[in-house]
Amino acid sequence: MIRAKPHVVVLGGNFAGLASAQKIREYAGDGVDITLIDRKDYLLFVPNIPTDVIENRDPSLHQRMQLRPALASDGIQFIQAVVEHVDIDSRKVHFLPSERPGEACESLHYDYLVIAMGAHLAYDRLPGFAEHGHTVSDLLHGERLRQYLFEGGYKGGPIVIGAAHFHQGDGAEGLQPYPGGSIPYLKAACEGPILEMTTAMANWLTRSGQGTPEKITVFTPDEIIAADAGVKNVQAFLQMATGMGIRYRHSMPDIARLTAEGVEFVGGETLEAEIKLILPDWVAHDCLRELAICDSMGFIKTNLLMRNPEHPEIFAAGDCAAVTVPKIGGIGHQEAEIIGRQVALDLGRMDAQEANHPLQPVTFCIGDMGEGKAFYVRSNSWFGGQDDVLKMGRVPYRLKMSYRDLFFLTHGKVPGFGLNLAQFAVESVF
């Protein structure tokens, strides 16, 4: 196909990929053709799966947004396919269409490439998970846990919640998002859902008559759980949780295996558990990890303008980017904004003063606590900033539910004033 305009290919259609395509269209206008490739034709709204589970709703009925109409409204082509290989030298993406089995491998040329494929959540590297584990990171396992809790599976035993060790890679070394700051190393890729499920499960035990929060143990491989949310915030959260009777373990060895009896760690220690609610290692996709643009663990190297230093026509956003630590959707949205402005800059549709605002990551999270309450976190102190905000109550819960509804209504284009109003409501009024 002969194109008169630069062709932008976006790999991945969840939060970072969809937002990148939309922001490029917003800022570059009709100056580019855009094609988005994803193996599935819907966006998975992962943050609200835990709430559906605890409130006894099948998450597959509520947490999917169809991509095709969202993209078509912006004139963005969609291909449902599995990415097989990226040829950097020839600027081609090779993919296998996945709508029906038996398709031939095809290729697509790009002038700009945005890699936003997320990461491989390596449950397959956790021995015993398939037989004995639970999680809330996808629709299948969310529904499986819901059924176990509400349809007679749970026998009243101990509950263990935690994460396997994350192997981060070295792609963010030397980057300084805030004066004097950095992007430090984490031993768990994302622990927000762990905090969320800890308090939500404690509430569920009490209201269902299945026991008390003392049945729950939460653990982390790091020195402090969810340090990216701000140490002061986490300390306040832990004071509340341990005051409820929840047990907390830190600096744990990596998980060796899950068994019917519990979680066994490297070195031999076991935490007894009937429910083993685990998040795995985040691992780079096989089709990316050998590329020259990747770091030591296969994550895509970028500067703080989200461009690869050696190949500035290649961007990365979301969980597959080395700079994205922790692996959360909010940082992916921040990166998508930068990418949209950078492409517009190249096309002469935005000046450098407006476009060249490097990433200053903010950990932004709202987590369900059960019974219509949630915690709200906004923090950049882990990266070298000065902000640490923690609020808990009913207002954050309503904002969490309303954000999902607004996201679906606008096909992911939540207006900036809506987010600013939400921040004001929680931090200044509540």
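Student: Which residue in E20 is the bridge partner of Thr363?

Tutor: This is a predicted model, in which local features need pLDDT of at least 70 and side-chain atom pairs count only at pLDDT 80 or more, while totals for chains, interfaces and linings use all residues. Residues are numbered from 1 along each chain as its sequence is written, and side-chain values use heavy atoms, with hydrogens and water left out. Strand E19 and strand E20 (residues 373-379) pair in the antiparallel sense over 7 bridges, where pairing requires that DSSP finds at least two bridges between two strands. Within E20, the bridge partner of Thr363 is Ser379.

Student: Which strands stand at the edges of the sheet?

Tutor: The sheet is open and antiparallel, with 3 strands in the order E19-E20-E21. Each edge strand has a single partner strand, so one side of it is left without a neighbour in the sheet, and the two strands concerned are E19 (363-370) and E21 (388-393).

Student: Which helix packs on the sheet and touches E19, E20 and E21?

Tutor: Touching here means contact, with heavy atoms within 4.5 Å, and directions are those of lines fitted to C-alpha atoms (for helices over the stretch in contact), with angles from 0 to 180 degrees between N-to-C directions. Helix H6 (residues 192-208) packs on the sheet against E19 and E20, its direction making about 15° with that of E19. The helix that touches E19, E20 and E21, with a direction at about 30° to that of E21, is H7 (residues 231-243).

Student: How many helices and strands are there in the chain?

Tutor: Both kinds of element are DSSP runs numbered from the N terminus, with helices (H or I) having at least four residues and strands (E) at least two. By that count, the chain has 11 helices and 21 strands.
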